[in-house]
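Please keep the model open while reading this note.

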Amino acid sequence: MADPKGFLNHGREVAQTRPVGERVQDWNEVYVPGSLLPIISKQASRCMDCGIPFCHNGCPLGNLIPEWNDYAYREDWSAASERLHATNNFPEFTGRLCPAPCESACVLGINQPAVTIKNVEVSIIDKAWDANDVKPQAPERLSGKTVAVIGSGPAGLAAAQQLTRAGHTVAVYERADRIGGLLRYGIPEFKMEKRHINRRIEQMRAEGTKFRTGVEIGRDIDAAKLRRRYDAVVIAAGSTTARDLPVPGRELKGIYQAMEYLPLANKVQEGDYVTTPVSAEGKHVVVIGGGDTGADCVGTAHRQGAASVTQLEIMPKPGEDRAPHQPWPTFPMLYKVTSAHEEGGERVYAVNTTHFEGDEDGNVQALHLVEVEFIEGRPTPKPGTERKIPAQLVTLAMGFTGTDRENGLVDQFALELDERGNVARDGEFQTNVPGVFVAGDAGRGQSLIVWAIAEGRSAARGVDRFLTGASDLPAPIRPTDRALTV
């Protein structure tokens with residue numbers, strides 16, 4: 001363990017953010033560069049000798065958290081990086097983007113603020129990159145087997161890297177013009193600068209992974225032909241069918257899905273546009289959906305100079321402390337103030353949109369809403385609570401309902417779907433089509449980045465066994481595993 005009295009001697013300190021007035025003027029990450037290193041060893045020392053580290057249960061990757069906390073406390077950064085990479089291909093992604101279910105399961109969190117596991121993780125990997133400790137791990141020999149991976153989000157990249165290192169020849173197909181999936185175009189630059197993706201891609205290229213951008217399986221290449229070309233296929237195309245809001249006025253101009261709005265802002269940062277085709281500048285913005293994607297829309301609108309930003313959520317406002325029915329070590333639903341919320345705007349809970357109102361040119365101008373109460377688990381409008389708010393740009397961030405059915409991939413492979421619209425798979429992550437596997441949100445449904453990476457690693461083991469008859473690759477989860485909840 002680290003310091004036996006660390007959790008008694010040191011309180012919780014988290015990464016320092018830049019002043020709001022400064023960071024909303026640019027798209028750089030919100031944290032003060034280098035602010036963690038002076039405090040991170042003390043924070044790592046708060047990790048207890050708890051006997052049974054429940055943080056392992058909270059994290060589907062099975063991260064060896066107490067071990068790399070101990071190395072970070074001792075400032076043995078090379079050993080910490082080795083332990084970190086033992087279970088996680090991309091800790092710089094999870095250290096920035098994961099909501100840290102490991103911290104919710106931290107034993108110290110029973111009666112004290114939990115260890116800052118996420119901050120320790122990102123400090124270790126950033127230190128490793130700075131020290132040039134992150135090296136390509138090319139296979140010693142090739143198997144002669146070929147694998148196609150469809151999708152380059154965290155699940156696809158994790159599967160591809162594992163299979164490449166196992167000696168298979170892997171090609172990743174991505175329909176967008178750049179590798180990264182939602183990491184590239186769904187996550188704003190202020191949450192994760194894309195240089196972190198770029199250097200991982202270069203590492204994977206050096207290991208032997210091939211990348212094919214601008215190719216959509218189902219449209220550009222027939223899925224059945226792809227299956228004949230490769231010995232195995234991994235579908236990691238995500239859960240990209242966005243939930244819509246079928247209310248009067250939905251057809252008005254100025255109403256976009258979040259994944260129509262956010263990628264355009266990211267393309268500006270990539271240099272594809274000088275200014276975004278859909279900007280919040282000078283507009284009253286309404287974000288429908290209270291999750292992380294909604295918060296990303298809020299932060300993006302602030303940086304584009306919105307006149308006002310209002311975020312709507314149909315569920316009641318969560319509490320700031322664990323509810324009795326969400327005990328430790330489950331991941332609780334808490335009121336969360338992200339960096340985007342710190343920057344301004346209004347958050348409105350327990351409301352439902354009834355209709356949109358437009359001007360004579362067909363542009364959205366207002367949103368009509370009503371307060372709701374939950375009766376037998378269903379949101380019911382409260383009479384007399386209807387009101388109108390200005391809305392000249394509306395983004396829908398209400399989640400996703402399944403994998404894409406329109407591009408032909410599902411039908412061309414003749415894949416079976418489960419009752420939720422996800423691609424069905426067996427215990428080895430294999431679909432009903434022999435040699436075709438599925439990983440990430442395409443099989444699990446919308447989930448967290450740590451689950452996506454864990455799925456990619458586990459599916460890679462299934463593919464390796466299919467191709468060679470046995471596998472030494474790790475499989476941290478089963479397809480049926482779920483987060484620890486009540």
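A crossing is called left-handed if the near helix is turned anticlockwise from the far one by less than a right angle, and right-handed if clockwise. The model is a predicted one, in which local features need pLDDT of at least 70 and side-chain atom pairs count only at pLDDT 80 or more, while totals for chains, interfaces and linings use all residues. Residues are numbered from 1 along each chain as its sequence is written, and side-chain values use heavy atoms, with hydrogens and water left out.

1. Helices α6 and α9. The crossing of α6 with α9 is left-handed. Helices here are DSSP runs of H or I with at least four residues, strands are runs of E with at least two, and both are numbered from the N terminus. Helix α6 covers residues 77-85 and helix α9 residues 117-130; their axes lie 9 Å apart, at an angle of about 115°. Axes are lines fitted to C-alpha atoms, for helices over the stretch in contact, with angles from 0 to 180 degrees between N-to-C directions. The two helices are therefore roughly perpendicular (65 to 115 degrees; under 35 is roughly parallel, over 145 roughly antiparallel, the rest oblique).

2. Residues between α6 and α9. On the α6 side, W77, A80, S81, L84 and H85 make the contact (heavy atoms within 4.5 Å). On the α9 side, E121, I124, I125, K127 and A128 take part. The residues of this contact divide into 6 nonpolar, 2 polar and 2 charged. Ala, Val, Leu, Ile, Met, Phe, Trp, Tyr, Cys and Pro count as nonpolar, Asp, Glu, Lys and Arg as charged, and the others, Gly among them, as polar.

3. Helices α3 and α5. Helix α3 (residues 37-45) packs on helix α5 (residues 65-73) at about 135°, with the axes 8 Å apart. That angle makes α3 oblique to α5. The crossing is left-handed. S41, A44 and S45 of α3 meet N69, A72 and Y73 of α5. This contact has 3 nonpolar residues, 3 polar and no charged.

4. Burial of α3. Which residues of α3 are buried? They are I39, I40, S41, Q43, A44 and S45. Buried means under 20% relative accessible area, exposed over 50%, and partly exposed in between, with a 1.4 Å probe and protein chains only. The cover over these residues includes α1 (6-9), α5, α6 and α9.

5. D404. This residue sits in the loop between β13 (393-396) and α17 (409-413). D404 counts as buried because its relative accessibility is 16%. Its side chain makes a polar contact with the side chain of R175, at 3.1 Å. A polar contact is a pair of N or O atoms within 3.5 Å; within protein, one must be able to donate a hydrogen and the other to accept it, and residues adjacent in sequence count only if both atoms are side-chain atoms. The D404 side chain also reaches the backbone nitrogen of E406, at 2.8 Å. Leaving aside neighbours within four places in sequence, D404 is in contact with R175, E216, T240, T241 and V410.

6. R178. The loop between β2 (169-174) and α11 (182-185) holds R178. Its side chain makes a polar contact with the side chain of E270, at 3.5 Å. Not counting residues up to four places away in sequence, R178 touches R184, Y185, T213, E270 and D272.

7. Backbone points to check. W328 and P329 are joined by a cis peptide bond, with omega about 5°. P329 lies in the loop between β7 (308-313) and α16 (339-342). A350 is not a glycine, yet has a positive phi of about 55°. A350 is in the loop between β8 (346-349) and β9 (351-358), and counts as buried at 16% relative accessibility. E376, also not a glycine, has a positive phi of about 55°. Its loop runs between β10 (364-375) and β11 (378-381). Is E376 buried or exposed? At 81% relative accessibility, E376 counts as exposed.

8. E416. The loop between α17 and β14 (436-438) contains E416. With a relative accessible area of 49%, E416 is partly exposed. E416 touches N422, V423, A424 and N432, residues up to four places away in sequence not counted. E416 and Q311 are 105 residues apart in sequence and 37 Å apart in space, C-alpha to C-alpha.
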